[in-house]
Amino acid sequence: MEQVIANIAQGAAALADPLILTLIFAGTVFGVVIGALPGLTSTMGVALLVPVTFGMSPAAGLALLGAIYCSSTYSGAISAILLNIPGTPANCCTLLDGYPMTKKGESGLAVALATSSSAVGGFLSVFALLFLAPPLAEFALKFGAQEYFLLAIFGVSVIASLSERNMLKGLWSGAFGLFLSVVGMHPITGNLRFTCGIAELYNGLSLVIALIGLYSIPEVIESLKSLSFGRPRQSSSVGGGAAREMLRIFKYKMLLLRSTVIGIIVGIIPGAGSSIASFVAYDDAKRASKHPEAFGSGCCEGIIASETSNNAVVGGSLVPALTLGIPGNAVSAVLLGGLMVHGLKPGPALFAENASVVYTFIMSLFVSNLVFVPVGLFIARYCVKLIEIPASILGPLVIGLAVIGSYAINMSIVEVMIMLAVGSVGFLMKFFDVPREPLVLGLVLGGMAEGELARAMALVHGDVWRLLGRMFTSPLSLIIIALTLFSLWKGVKNQFTGGKS
């Protein structure tokens, strides 16, 4: 422990370097902008800056990349709240309550809550990375293919909670999302399914493109045909009162703690990701709330749960990445690449052989989670003016942003057409009051479930009974199965009791 404390002190002292502090600030600004623009994900932001770090010291380069990771994960909430378009997949749940608050003239409060809860979740997850990395990494190793499959099924069970207004429509939406998740190549055989000869679908339907289409197109059409056409919408400012509004999150201390733990655990499980963490945390918050019926109509708890958990994934995802060399998600995989570019080999020996660099990097993440608070609020203060623009002007601007974001992913006009097609489906779903969130959840988890089931079956040579036997004799598998059954039972119960306990 004394050596760990000494390494922490050394890492903190390294942050006195003006260059590292400047890079943290620059990375934070860049990350906030990248995350707030739909289609430009955290992975893209970090990947774009990896070549820039070649001429830097390892500590300085990693501090820059870490700042982008932290700030871009948060800033996707800005467009989710103001425009109903999640800036990154991690912020999909944020718009469920963030955008309704904007329509009620509470956009300033929503942004302040998202900012403060993001900072708390990120800060606590880095604390876990600092002191609990070895045991958490050991826990991650206990997950095999069958546990990952069951974890995906547990995530799908959240559909029951997201569909309480109409269980049948919600299940249909979730099933459609699961169907869309199998578009592309089979994870084991490589066979193509439902691609219609479109090369851009060989690797599956892009989640980012699906999110942009599902949420931007329907809202633009709705705003243009509504009575508010050509009339500015009311907004609240993000200014001097933001600090006071940010303190509201501490009324929900247990929610902050639970959402942080969920984010850290999901983060250390390779392949799970921020979007899954936010759905699970949102579902947990809704079940534990005294007023679950308020969720989806502008509930502070919904924003806090989503933003705390998805930022807690940042520290969690770096646990297996740094200690085992196994990236927790796509962004941490790119960070691993940046690590190796500087001649550092991730794994158990990293903390011993390159302690100064690693602890400087971890301490820089603490600073990043503090810096994006004023930076994010400053940028949001001007972004919030967007919603005062008349719908006749804002609508085309949003469509243009959606087209640019879709095209920027792979520089393909075909993906823009796919985004518009998905947007048309989203409009029909909105028109017939079919929830879109179960579709997103099915799309997120379907690929993970199919891939892990295929691997689990390969391990038992296709013997279904043997696989079932392993599932029902593994303590970890039994825990996940029990949680799944409880989640389904709770969702069905709330369907018939109107959400009352």
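Analyst: Contact here means heavy atoms within 4.5 Å. Leaving aside neighbours within four places in sequence, Q146 is in contact with A456, L467, R470, M471, S474 and S477. The model is predicted, so local features need pLDDT of at least 70, side-chain atom pairs count only at pLDDT 80 or more, and totals for chains, interfaces and linings use all residues. Residues are numbered from 1 along each chain as its sequence is written, and side-chain values use heavy atoms, with hydrogens and water left out.

User: Why is Q146 called buried?

Analyst: Buried means under 20% relative accessible area, exposed over 50%, and partly exposed in between, with a 1.4 Å probe and protein chains only. Q146 has 7% relative accessibility and therefore counts as buried. Its place is in helix α7 (residues 145-156); helices are DSSP runs of H or I with at least four residues, numbered from the N terminus.

User: What makes the approach of Q146 to R470 a polar contact?

Analyst: A polar contact is a pair of N or O atoms within 3.5 Å; within protein, one must be able to donate a hydrogen and the other to accept it, and residues adjacent in sequence count only if both atoms are side-chain atoms. A polar atom of the Q146 side chain lies 3.3 Å from the backbone oxygen of R470, which is within the 3.5 Å limit.

User: Why is the pair F127 and F131 called tilted?

Analyst: Rings of Phe, Tyr and Trp (its six-membered ring) pair if their centres lie within 6.5 Å; planes under 30 degrees apart count as stacked, over 60 as edge-to-face and the rest as tilted. By this rule the count comes to eleven aromatic pairs. The ring centres of F127 and F131 are 4.9 Å apart and their planes stand at 50 degrees, so this pair is tilted. Both residues lie in helix α6 (residues 107-140), four residues apart, about one turn of the helix. F127, at 45% relative accessibility, counts as partly exposed, and F131, at 35%, is partly exposed.

User: What makes the pair F176 and F179 stacked or tilted?

Analyst: The centres of these rings are 6.4 Å apart and the planes are at 20 degrees, so the pair F176 and F179 is stacked. Both residues lie in helix α9 (residues 167-181), three residues apart. F176 is partly exposed at 25%, and F179 counts as partly exposed at 36%. Together with W172 and F194, F176 and F179 form one aromatic cluster.

Methods: Helices (H or I, at least four residues) and strands (E, at least two) are DSSP runs, numbered from the N terminus.
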